[in-house]
Amino acid sequence: MASSETALAAGQRARGLAPFLRSQMRNIAPFLTLIFLSGFFALASPSFATLDNLGNILTQVSVTGIIAVGLTFVILCAEIDLSIASIANVTGIAVAYFTLQDSYVNIANIPLPGAVAILLSILLCALLGLVNALGLTVIGIPSFIMTLAMMQIAAGVSALLVRGQIAYKVPSLITTLGSGSIGGIPWLVIVAAIMLLGGHLVLTYTRFGRYVYMVGGNREAAEYSGLNVKLILGAVMVISAVCSGIGGMLGVAHFGSAQQNEFDTYLLDSIAAVVVGGTSLFGGRGGIGNTIVGLFVLGVLNNGLDHVNIDSFLKILIRGLILLAALVINVYAQRLREKAAE
Amino acid sequence: MREDRSPILELQGITKSFGGVEALRGVDFALHAGEIHGLVGENGAGKSTLMKIIAGVHTEFSGRFLIDGQETHFRSARDAHAAGIAMVHQELSVAPDLTVAENVFLGNQPTNALGLVQWRRMAREAGEQLARLGLDVDPMSRLGDLSIGLQQLIEIARVLFSGARIVILDEPTSALSPPEVERLFATLRRLREEGTAIVFISHFIEDILRVSDTVTVFRNGRKVAETASAATNKGALIEAMIGRGGEALEHSYSDDLMLPTPSNSPVVLKVDQLSLARSLKDVSFEARAGEVLGIYGFMGCGQQELSRILFGKLKPDAGTLAVEGTPKTFASTAAARRAGVALVPESRRDMLFHQEPVYKNISISILDRISSLLLKPAQERDIAKRQVEQLQIRPPVVGLDLGMLSGGNQQKVALAKWLTYPPKLLVLCEPTRGMDVGAKNDVINIVRDLRAKGLAIIVLSTEPETVLSLADRILVLKRGALVREFRNEPVSKDRLLEAA
Ligand SMILES: Nc1ncnc2c1ncn2[C@@H]1O[C@H](COP(=O)(O)OP(=O)(O)OP(=O)(O)O)[C@@H](O)[C@H]1O
Ligand SMILES: [Mg+2]
């Protein structure tokens with residue numbers, strides 16, 4: 001039996017390169033896009049392919065990367081979280097709100113010790129995630145709608161906290177992680193790398209990770225297997241919110257200020273990173289590895305466009321077109337895989 | 001009845017492999033107009049694969065493919081459709097969110113001059129077509145709200161009345177109860193008179209013998225026999241299928257069977273006055289350890305709903321459940337599983353992950369027993385291998401994606417999920433649906449094993465044979481109410497049918 005097993009496995013591989021490639025389209029296409037974009041910008045601009053610029057790209061994608069870790073869990077479950085940017089924003093503002101600001105900052109805030117401030121902020125984002133989770137699982141509101149409402153709620157809380165003002169100070173730990181560096185490597189990049197790695201390990205090697213894939217792959221079957229589907233869905237919503245919160249705190253330190261609407265672009269960027277990387281919008285396929293490739297595609301694109309001389313308004317359009325292409329590939333990859341499987 | 005004419009469809013030397021799996025090896029197959037051609041063979045013998053080649057689903061194979069004597073190569077199912085070939089797949093392929101009428105006309109809805117769908121006409125014609133199969137359903141209801149059996153009939157209706165001259169039915173009767181099967185057969189005979197060629201796949205050999213003119217037997221991807229139905233019998237067909245004597249497997253259950261004296265072992269499940277909307281009315285019964293309780297009834301009698309309630313998937317409107325004396329209200333399937341209840345639903349699609357390998361499908365419901373935090377893939381594979389061996393799942397490769405197994409083998413995987421750590425109460429809906437005679441026998445033996453281990457087992461089925469072959473005690477469910485209990489007395493297929 002062992003030999004028939006290896007023979008079959010070999011057969012499966014040998015069944016031809018074309019079907020194999022077709023079934024792996026989801027992983028290959030984003031990688032090719034990345035190589036193509038890097039090559040293009042390297043040729044177009046001498047300042048692009050430098051070590052310094054690589055550092056820039058890494059720093060630029062780090063906050064998105066931290067937020068995208070949690071979002072990957074959500075999308076793997078075939079749900080969506082539109083509140084990530086708002087939650088990042090409110091958490092960043094909260095950590096500043098609980099920190100003593102300079103006297104010229106006109107915010108009626110509550111200064112607390114740094115550790116307490118951080119803890120409270122994380123509790124806040126976890127709580128917001130929990131509200132998402134309850135709305136989705138207990139009440140049964142589709143995640144798209146539920147998190148749309150949360151996007152507003154979190155923005156509302158942010159507005160109430162800062163009232164149009166700008167805060168600057170955050171606890172020193174956050175300042176270090178957000179804007180410091182060690183041995184020339186920004187802490188921000190290190191934190192993002194650790195979180196991506198952690199997310200990957202959880203998804204690949206833990207029971208919970210398997211459940212996430214199975215729930216995303218076939219929710220009905222997961223339920224008939226006796227899994228607690230609601231618990232798993234709830235957990236990914238909380239994970240997503242906490243990742244966003246961490247991204248928000250470090251982001252505030254990185255930008256040097258906390259204010260309303262600071263993270264607005266991160267919603268689309270994070271979703272784009274996950275989806276461009278090839279994680280299926282239908283759930284069950286993809287992972288952190290895909291998200292990392294997606295982050296680089298986005299990072300190279302954003303950064304590269306700054307190195308070449310084109311109309312900055314045209315850049316927005318180009319970004320949109322590339323995202324569209326990635327989405328088309330995402331949907332087609334699903335179909336091709338189904339074809340290859342048959 | 002069949003004159004010697006040239007076939008409308010002829011396949012010569014068809015070979016098809018999926019990577020290392022040779023599904024078909026040099027198969028010749030011919031089909032004549034006005035013929036019902038039965039196809040039998042073990043699970044994984046290649047029946048569905050051959051039919052999918054005919055229907056243009058599999059387009060890569062070697063061998064010659066002739067229609068009306070013309071060499072043809074379909075590039076898609078659409079090509080096959082244009083050539084007048086229609087198929088009902090083994091796996092239900094309906095659109096649950098569309099109406100019944102839309103499903104009946106899927107792909108060729110009647111439109112007016114402006115290209116708008118003529119709803120009224122569509123509903124009326126759909127209603128007429130369904131009535132020909134003896135179905136009385138509202139054409140405008142949502143298909144997904146109907147039972148699996150009804151959905152299957154509606155899919156059959158779509159194909160039968162699509163005007164195709166070659167109709168392929170891959171296990172169409174697996175979800176149907178006897179009266180529906182009769183109406184289906186009457187319709188098939190009428191179509192035959194009109195000159196349609198029909199291929200009919202089934203594991204119910206009696207059905208095959210009754211309705212078909214010719215029978216072809218597959219084994220291991222080869223055609224091993226082709227005879228006129230009149231010239232063969234069940235024993236000979238089974239022998240050709242499995243390659244050895246099949247006497248033990250051809251029990252027909254038309255004679256009385258004596259049910260044993262009811263056991264008085266502890267009650268595992270007590271159901272009291274269960275009611276659910278229009279599906280169940282005051283259902284009360286007990287299931288005991290070491291006993292197989294059969295619940296028989298026609299399609300739509302409330303079996304499905306009952307099984308879902310037992311597993312926490314549906315909430316009853318009234319009534320109580322108690323497991324080993326403790327009252328339970330299952331808030332979720334997870335709660336039911338924790339309480340020691342397991343369910344194998346009748347539809348594989350609901351239970352299995354097609355894009356995941358076999359071993360993950362088998363381990364998913366026992367992962368918490370294998371690992372606390374980190375996965376142990378090696379152990380998962382070992383467990384899966386044992387089950388694959390015990391249930392003779394083919395091919396025996398636990399790393400293969402589930403979607404690559406034949407229908408019957410998928411059904412075995414669905415059962416395998418619960419066997420490693422047996423629950424206290426195992427609820428099986430149509431446990432042998434889609435399985436070949438040998439596999440059915442294996443399932444019977446496994447269920448007996450589990451019974452000997454002291455499990456309480458409930459078998460719900462619309463097939464009298466399934467219930468008769470497994471149960472120690474039989475309840476008959478009719479329109480949501482329990483109408484008869486057979487215990488410690490003779491029972492037969494006819495008696496069951498009469499009670500239902
Ligand atoms: N898409 C696929 N990929 C790989 N192998 C496949 C695929 N489809 C079928 N097979 C293999 O081909 C063989 C024949 O399968 P097929 O579905 O034709 O069997 P069958 O006779 O219809 O069985 P059943 O009675 O269980 O439906 C099996 O070994 C199966 O595992
Ligand atoms: Mg089949």
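**Overall form and local features of the two chains**

For a chain of 342 residues, a compact globule would have a radius of gyration near 20 Å, and the 21 Å found for chain A agrees with that expectation. The model is predicted, and every value reported here is computed from it. The C-alpha trace of chain A spans about 75 × 55 × 35 Å along its principal axes. Its secondary structure consists of 15 helices and 2 strands. Of the 342 residues in chain A, 50% count as buried. Among the contacts in chain A with a separation of 6 or more, 77% are accounted for by residues 24 or more positions apart.

The accessible surface of chain A amounts to about 15,000 Å², and carbon and sulfur atoms contribute 70% of this area. Charged side chains in chain A number 16 positive and 14 negative, with the centres of the two sets 9 Å apart.

Chain B was described in the same terms. With 500 residues, a compact globule would have a radius of gyration near 23 Å; the value for chain B is 23 Å, which agrees. Taken along the principal axes, the C-alpha atoms of chain B fill a box of roughly 70 × 50 × 50 Å. Chain B contains 18 helices and 22 strands. Buried residues make up 57% of the 500 in this chain. Residues 24 or more positions apart supply 67% of the chain B contacts that have a separation of 6 or more.

The accessible surface of chain B is about 19,800 Å², with 47% of it belonging to carbon and sulfur atoms. Chain B carries 60 positive and 61 negative side chains, and the centres of these two sets lie 4 Å apart.

A metal site is present in chain B. The magnesium ion (ligand 2) is coordinated by OG of Ser48(B) and OE1 of Gln90(B), at 1.9 to 2.2 Å. Ser48(B) belongs to helix α1 (residues 47-54), whereas Gln90(B) sits in the loop between β6 (85-88) and α3 (100-104), so the pair ties together parts of chain B that are 42 residues apart in sequence. Both Ser48(B) and Gln90(B) are buried.

Two residues of chain A were examined individually. Ala258(A) is located in the loop between α12 (229-255) and α13 (264-276). This residue is buried, its relative accessible area being 0%. Leaving aside neighbours within four places in sequence, Ala258(A) is in contact with Gly92(A), Ile93(A), Ala96(A), Val162(A), Gln165(A), Ile166(A), Ala167(A) and Val252(A). Between Ala258(A) and Gly178(A), the sequence separation is 80 residues and the C-alpha to C-alpha distance is 13 Å.

Phe255(A) lies in helix α12 of chain A. With a relative accessible area of 33%, Phe255(A) is partly exposed. When residues up to four places away in sequence are not counted, Phe255(A) touches Glu262(A), Phe263(A) and Tyr266(A). Phe255(A) and Tyr168(A) are 87 residues apart in sequence, and their C-alpha atoms are 9.3 Å apart in space.

In chain B, Val437(B) is placed in helix α16 (residues 437-452). Its relative accessible area of 11% makes Val437(B) buried, since the cut-off is under 20%.

The peptide bond from Arg394(B) to Pro395(B) is cis, with omega near -10 degrees. Pro395(B) is part of the loop between α14 (377-390) and α15 (407-416). Asp68(B), although not a glycine, has a positive phi of about 50 degrees. This aspartate is found in the loop between β4 (62-67) and β5 (70-71), and at 43% relative accessibility Asp68(B) counts as partly exposed. Asn488(B), a residue other than glycine, likewise has a positive phi, near 50 degrees. Asn488(B) occupies the loop between β21 (481-486) and β22 (490-491). The relative accessible area of Asn488(B) is 37%, and the residue is partly exposed.

Conventions: Residues are numbered from 1 along each chain as its sequence is written. Chains are lettered from A and ligands numbered from 1 in the order in which they are written. Side-chain values use heavy atoms; hydrogens and water are left out. Donors are N, O and S atoms within 2.8 Å of the metal (3.2 Å for Na, K and Ca); water is not among the atoms, so sites may look incomplete. Helices (H or I, at least four residues) and strands (E, at least two) are DSSP runs, numbered from the N terminus. Buried means under 20% relative accessible area, exposed over 50%, partly exposed in between (1.4 Å probe, protein chains only). The radius of gyration is taken over C-alpha atoms; the globule rule is 2.2 Å times the number of residues to the power 0.38. Contact means heavy atoms within 4.5 Å. Accessible areas come from the Shrake-Rupley method with a 1.4 Å probe; for residues, only the protein chains shown count as cover. Lys and Arg count as positive and Asp and Glu as negative; His and the chain ends are not counted. The place of a charge is taken as NZ of Lys, CZ of Arg, CG of Asp or CD of Glu.
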